[in-house]
Amino acid sequence: MKKEYPRIPTCTYRLQFNRWFTFAKAKGIVPYLHELGVSDVYASPYFQASPESLHGYDITDHNKLNTAIGSRADYDAWIAQLHAHLMGQVLDFVPNHVGIAPAGAGRNQWWMDVLENGHSSRYASYFDIDWQSRKFHLRDKILLPILSDQYGRVLERGELKVRFEEGTFYLLYGERTLPIAPGTYRYVLEVTLQNLADHKDEDYYAQLQSILTALEYLPKRTETDPKKITERIREKEIIKRRLARLCAEAPRVQQAMEKALAQINGKAGDARSFDILDSLLNAQSYRLAFWRVAAEEINYRRFFDVNELAAIRVELPKVFDAIHRLLLDLVSTGAVTGLRIDHPDGLYLPGEYFDKLQQRCAKALGSALPKDGRAVYMIAEKILTGSETLRKDWRVHGTTGYDFANQLTQVLVDSSAEEAITKTFHRFIDHSVPFGHLLYAKKLQVMRLALANDVDLLGNMLDRLSEQTRWYRDFTLEALSRAVRETIACFPVYRTYLAPGQPVSEEDREVVERAISGAKRRNPAMDESIFNYLRDVLLLRFPPNLDAAGRAAHTHFVLKFQQTTSPVMAKGLEDTVFYIYNRLTALNEVGGEPQHFGLSVEAFHKRNLDRQRNW
């Protein structure tokens, strides 16, 4: 197929890949799609994910094809069939998060490494983790809310078991396996040594003592010095190999270790028998917890409130490079001719991401970046609200079409029927609540329940900022946290897009001013100066004499705030209000605005003309 970039699709057809619909099956329907007039297939994510995944958004390795979907040969055969029919492929790409469910062949090796090694993991910075939690016992740990009941109950029922295999200890909970930090192997090995007390003269006893000594000198899991981290990575693997070899060569050591594990894993009904296991687990880089505590205490950013989808910091060059290697290779060969970018509102700097990806695509294609900065066809999965328009400086070709689909629905709605349908709706539910009040209330509910810790983190960040300036240090943590919650609840759009070193756009300024004004109106008893302070922070108005570190912290807060407003809106609107406000359910699709009833033909054409002119 002749490569022409950017290739603009004229008709796309979605293919949802999973273990039931494979590359081989996709190849078989290409002639049929071609007959239908489809110019480009629109492929769901097909990089390595959980083998059971039916959607592919829980990617665990961006640089491998999903083995449940097919081999590279299967993939290449499908692409060859597309090219034979002069068809392209738009790939659904996920840069915001990865799947971290610790089970099966598709487990995330980055996440497992972080759980094993904590701060000293080479991938610790890849994830958006708050290592300095306000809760003392969560400092330098990751909360894992995976238990079906409270920790103590699960422990003393004997549901948590330590196992040993090929020199490595791991924790087994149901079908989940979790790593054990090498530095904490001593909890098991010390008991093993006690079980070998009658064999102190044997060489294997001395070797086991030597391994315990090596563990004492292993750099701590909280280590952040690069040299020490490199040393830890090297030494811990040596220790594992030594332990595996010792058990293979000395069956008595293996037997003594199995006996130690039986002792440590405890006996249901004997609470004290779990003490060593409890100490071992408390020494890990993670803290096991009941799944219900996630909302308030989870300390890694997620995709919305999905615990098993952890956000990654794609704004870091090493993370960007790590997740785009295979993608750019597929672009370079012409296998992928367009991209649909999933959830860009979750990114730290969406505009910068689009710029960088277009530049890398141009390089992969061996061509100069076009003047408009768009090397390949790229669309953003962005929800626009009200009169909001897609940012013209984004190097994309448009949105995924939520806006158009909803406008198409609205133009088919008879606006003259609004009063009658509204009365029927209110009579049916036996009360009337203005849409704006309902949305405000449900966003507050989301921030109190599903996303409590995400918003609390912002309150703490703002409190630290206020302490840097004598004019604002008397604002209390509670007042600042409430101002943050109220402002987010009044946010009229999913998010703003301020960026470091860039002037604040008029669009973003109006959004912030509108949200602050709404929060003031709803909270007349609160000191107005607190909201004024938050407004100035959100518009990057730095206090006088603020040093470089203070400005960086100020900017970081704004960017984190922008990442948070979007999931709150999505959970409050799409996942809550849309299931309550059922005046006309056809208007309740993603990106819809059910409070508006109908769109005139003139307004519909005006928006289409604007779309044609700009996108």
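Predicted model: local features only at pLDDT ≥ 70, side-chain atom pairs only at ≥ 80, totals over all residues.
**Entry 1: Phe 557**

I started with Phe 557 and found it in helix H21, which covers residues 548–574. Is Phe 557 buried or exposed? Its relative accessibility is 0%, so I put it down as buried, the cut-off being under 20%. Next I looked up what Phe 557 touches, setting aside neighbours within four places in sequence. The contacts are Leu 458, Met 461, Leu 462, Leu 465, Val 484, Leu 534, Val 537 and Leu 538. I also checked Ala 368, which is 189 residues away from Phe 557 along the chain: their C-alpha atoms are 36 Å apart.

**Entry 2: ring pairs**

How many aromatic pairs does the structure hold? I noted 34. One of them joins Phe 17 and Phe 21, with ring centres 5.6 Å apart and planes at 45°, so I logged this pair as tilted. Phe 17 is buried, at 1% relative accessibility.

I then turned to Tyr 46 and Trp 78, an edge-to-face pair with 6.3 Å between centres and 90° between planes. Tyr 46 is in the loop between strands E2 (40–43) and E3 (47–49), while Trp 78 is in helix H3 (residues 72–84), so their pairing ties together parts 32 residues apart in sequence. Tyr 46 has a relative accessible area of 0% and is buried; Trp 78 is buried too, with 0%.

Friendly reminder to myself: ring pairs link Phe 17, Phe 21, Phe 23, Tyr 46, Phe 47, Tyr 75, Trp 78 and Phe 93 into a cluster.

**Entry 3: charges over rings**

Last, I looked for charged ends over rings. That of Lys 356 sits over the ring of Phe 320, 4.6 Å from the ring centre. For Arg 522 the ring is that of Tyr 440, with the charged end 4.0 Å from its centre.

Technical notes: Residues numbered from 1 in each chain as written. Heavy atoms only, no water. Helix = DSSP H or I, 4+ residues; strand = E, 2+ residues; numbered from the N terminus. Buried < 20%, exposed > 50% of the residue type's maximum accessible area, 1.4 Å probe, protein only. Contact = heavy atoms within 4.5 Å. Phe/Tyr/Trp six-rings, centres within 6.5 Å; stacked < 30°, edge-to-face > 60°. Lys NZ or Arg CZ within 6 Å of the ring centre and 35° of its normal.
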